[in-house]
Amino acid sequence: MQLKNLELFILKAIVYLFIIFSLPYYAGVFLDSYLNIPKIFNYPINLLGLILVAAGLAIDYHSISTFLKAGKGTPFPWRPPKRLVATGPYRYTRNPIYVAYAIIMSGLAIFTNLPTVFIVAAVFMIGLHLGVVYWEEPQLEQRFGKSYLEYKIEVPFRARIVRAV
(Lines give C-alpha, C1' and ligand atoms only; values in the text may rest on other atoms or scores of the structure.)
Protein backbone atom coordinates (compact mmCIF):
# COMPACT_ATOMS: atom_id res chain seq x y z
CA MET A 1 0.00 0.00 0.00
CA GLN A 2 1.48 3.34 -1.02
CA LEU A 3 1.90 6.09 1.59
CA LYS A 4 -0.89 8.27 0.13
CA ASN A 5 -3.30 5.31 0.09
CA LEU A 6 -2.29 4.38 3.64
CA GLU A 7 -2.90 7.94 4.85
CA LEU A 8 -6.32 8.00 3.18
CA PHE A 9 -7.16 4.59 4.66
CA ILE A 10 -6.18 5.75 8.17
CA LEU A 11 -8.18 8.98 7.80
CA LYS A 12 -11.28 7.05 6.68
CA ALA A 13 -10.84 4.60 9.57
CA ILE A 14 -10.58 7.43 12.11
CA VAL A 15 -13.74 9.13 10.78
CA TYR A 16 -15.57 5.80 10.70
CA LEU A 17 -14.58 4.95 14.29
CA PHE A 18 -15.47 8.47 15.44
CA ILE A 19 -18.97 8.03 14.04
CA ILE A 20 -19.36 4.53 15.44
CA PHE A 21 -18.19 5.29 18.99
CA SER A 22 -18.24 9.01 19.69
CA LEU A 23 -21.51 10.22 18.23
CA PRO A 24 -23.77 7.76 20.10
CA TYR A 25 -21.83 8.31 23.32
CA TYR A 26 -21.99 12.11 23.17
CA ALA A 27 -25.63 12.00 22.14
CA GLY A 28 -26.23 10.02 25.34
CA VAL A 29 -24.20 12.55 27.36
CA PHE A 30 -26.29 15.39 25.91
CA LEU A 31 -29.59 13.59 26.56
CA ASP A 32 -28.54 12.69 30.08
CA SER A 33 -27.74 16.30 30.96
CA TYR A 34 -30.84 17.61 29.17
CA LEU A 35 -33.27 15.11 30.71
CA ASN A 36 -31.53 15.06 34.11
CA ILE A 37 -31.85 11.27 34.43
CA PRO A 38 -31.07 9.94 37.93
CA LYS A 39 -27.71 8.20 38.30
CA ILE A 40 -28.01 4.46 38.95
CA PHE A 41 -24.43 3.17 38.63
CA ASN A 42 -22.67 4.68 41.61
CA TYR A 43 -19.17 3.86 42.84
CA PRO A 44 -17.99 1.07 43.15
CA ILE A 45 -20.60 -0.58 40.89
CA ASN A 46 -19.63 1.72 38.02
CA LEU A 47 -16.16 0.16 37.98
CA LEU A 48 -17.75 -2.97 36.49
CA GLY A 49 -18.16 -0.87 33.37
CA LEU A 50 -14.38 -0.89 32.92
CA ILE A 51 -14.44 -4.68 32.85
CA LEU A 52 -17.08 -4.58 30.11
CA VAL A 53 -15.10 -1.99 28.12
CA ALA A 54 -11.95 -4.14 28.40
CA ALA A 55 -13.87 -7.27 27.36
CA GLY A 56 -15.44 -5.44 24.41
CA LEU A 57 -12.08 -4.07 23.29
CA ALA A 58 -10.55 -7.57 23.52
CA ILE A 59 -13.36 -9.04 21.40
CA ASP A 60 -13.02 -6.16 18.94
CA TYR A 61 -9.24 -6.59 18.66
CA HIS A 62 -9.54 -10.38 18.21
CA SER A 63 -12.30 -9.93 15.61
CA ILE A 64 -10.40 -7.35 13.57
CA SER A 65 -7.11 -9.26 13.69
CA THR A 66 -8.91 -12.47 12.62
CA PHE A 67 -10.57 -10.50 9.84
CA LEU A 68 -7.24 -9.11 8.60
CA LYS A 69 -5.42 -12.47 8.71
CA ALA A 70 -8.13 -14.82 7.44
CA GLY A 71 -10.01 -12.45 5.14
CA LYS A 72 -7.02 -10.62 3.68
CA GLY A 73 -8.96 -7.37 3.90
CA THR A 74 -10.44 -5.02 6.47
CA PRO A 75 -13.81 -4.69 8.19
CA PHE A 76 -14.25 -1.35 6.45
CA PRO A 77 -16.48 -1.26 3.36
CA TRP A 78 -13.89 0.51 1.22
CA ARG A 79 -11.40 -2.36 1.63
CA PRO A 80 -13.53 -5.52 2.06
CA PRO A 81 -12.12 -9.01 2.66
CA LYS A 82 -11.05 -11.20 -0.22
CA ARG A 83 -12.14 -14.36 1.61
CA LEU A 84 -15.07 -15.28 3.82
CA VAL A 85 -14.04 -15.19 7.49
CA ALA A 86 -15.60 -18.02 9.52
CA THR A 87 -12.89 -18.61 12.14
CA GLY A 88 -12.10 -17.13 15.54
CA PRO A 89 -15.01 -15.12 16.95
CA TYR A 90 -16.78 -15.43 13.59
CA ARG A 91 -17.54 -19.07 14.53
CA TYR A 92 -19.98 -17.82 17.20
CA THR A 93 -21.54 -14.78 15.55
CA ARG A 94 -21.55 -13.29 12.08
CA ASN A 95 -21.00 -9.86 13.64
CA PRO A 96 -18.51 -10.00 16.53
CA ILE A 97 -17.41 -6.40 15.95
CA TYR A 98 -21.00 -5.20 16.53
CA VAL A 99 -21.28 -7.41 19.61
CA ALA A 100 -18.04 -5.85 20.88
CA TYR A 101 -19.45 -2.39 20.17
CA ALA A 102 -22.57 -3.14 22.24
CA ILE A 103 -20.43 -4.40 25.13
CA ILE A 104 -18.13 -1.35 24.96
CA MET A 105 -21.04 1.09 24.90
CA SER A 106 -22.73 -0.71 27.80
CA GLY A 107 -19.50 -0.55 29.77
CA LEU A 108 -19.14 3.17 29.05
CA ALA A 109 -22.73 3.79 30.15
CA ILE A 110 -22.12 1.98 33.44
CA PHE A 111 -18.67 3.45 34.09
CA THR A 112 -19.68 7.05 33.35
CA ASN A 113 -23.05 6.58 35.11
CA LEU A 114 -24.98 7.82 32.07
CA PRO A 115 -28.06 5.59 31.61
CA THR A 116 -29.15 7.38 28.43
CA VAL A 117 -26.03 6.07 26.68
CA PHE A 118 -27.77 2.66 26.83
CA ILE A 119 -30.77 4.09 24.99
CA VAL A 120 -28.76 5.87 22.32
CA ALA A 121 -26.51 2.83 21.86
CA ALA A 122 -29.59 0.59 21.50
CA VAL A 123 -31.06 2.87 18.82
CA PHE A 124 -27.70 2.95 17.06
CA MET A 125 -27.42 -0.86 17.26
CA ILE A 126 -30.86 -1.19 15.67
CA GLY A 127 -29.62 1.03 12.86
CA LEU A 128 -26.50 -1.12 12.48
CA HIS A 129 -28.65 -4.26 12.47
CA LEU A 130 -30.85 -2.90 9.68
CA GLY A 131 -27.77 -1.84 7.72
CA VAL A 132 -26.29 -5.31 8.04
CA VAL A 133 -29.50 -7.11 7.11
CA TYR A 134 -30.48 -4.91 4.17
CA TRP A 135 -27.10 -3.77 2.82
CA GLU A 136 -24.14 -5.82 4.05
CA GLU A 137 -25.55 -9.35 4.01
CA PRO A 138 -26.91 -9.14 0.43
CA GLN A 139 -23.47 -7.91 -0.69
CA LEU A 140 -21.78 -10.79 1.14
CA GLU A 141 -24.22 -13.26 -0.44
CA GLN A 142 -23.37 -11.87 -3.85
CA ARG A 143 -19.60 -11.82 -3.24
CA PHE A 144 -19.22 -15.22 -1.52
CA GLY A 145 -22.26 -17.09 -2.88
CA LYS A 146 -23.08 -20.54 -1.54
CA SER A 147 -20.35 -20.49 1.11
CA TYR A 148 -21.88 -17.39 2.74
CA LEU A 149 -25.40 -18.86 2.58
CA GLU A 150 -24.13 -21.99 4.35
CA TYR A 151 -22.31 -19.81 6.90
CA LYS A 152 -25.55 -17.90 7.59
CA ILE A 153 -27.33 -21.17 8.33
CA GLU A 154 -24.56 -22.40 10.64
CA VAL A 155 -23.68 -19.19 12.53
CA PRO A 156 -26.25 -16.90 14.18
CA PHE A 157 -26.48 -13.16 13.57
CA ARG A 158 -25.84 -12.45 17.25
CA ALA A 159 -23.53 -14.25 19.63
CA ARG A 160 -24.10 -17.80 20.72
CA ILE A 161 -22.42 -18.72 23.99
CA VAL A 162 -22.39 -22.51 23.70
CA ARG A 163 -21.88 -24.31 20.44
CA ALA A 164 -23.43 -27.74 19.86
CA VAL A 165 -20.83 -30.43 19.21
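Asn113 sits in the loop that links helix 3 (96-111) to helix 4 (116-144). Its phi is positive, about 60°, although Asn113 is not a glycine. Asn113 is buried, at a relative accessible area of 10%, where buried means under 20% relative accessible area, exposed over 50% and partly exposed in between, with a 1.4 Å probe and protein chains only.

The model is predicted: local features need pLDDT of at least 70, side-chain atom pairs count only at pLDDT 80 or more, and totals for chains, interfaces and linings use all residues. Residues are numbered from 1 along each chain as its sequence is written, and side-chain values use heavy atoms, with hydrogens and water left out.

The protein has five helices and zero strands, in the order α-α-α-α-α from the N terminus. Helices (H or I, at least four residues) and strands (E, at least two) are DSSP runs, numbered from the N terminus.

The loop between helix 1 and helix 2 holds Asn36. Asn36 is not a glycine, yet has a positive phi of about 55°. Asn36 counts as exposed because its relative accessibility is 65%.

| Residue | Phi |
|---|---|
| Asn36 | about 55° |
| Asn113 | about 60° |

Pro44 is also placed in the loop between helix 1 (3-35) and helix 2 (48-71). The peptide bond joining Tyr43 and Pro44 is cis, with omega about 5°.

Of the 165 residues of the protein, 34% count as buried. Among contacts (heavy atoms within 4.5 Å) between residues at least 6 apart in sequence, 72% join residues at least 24 apart.
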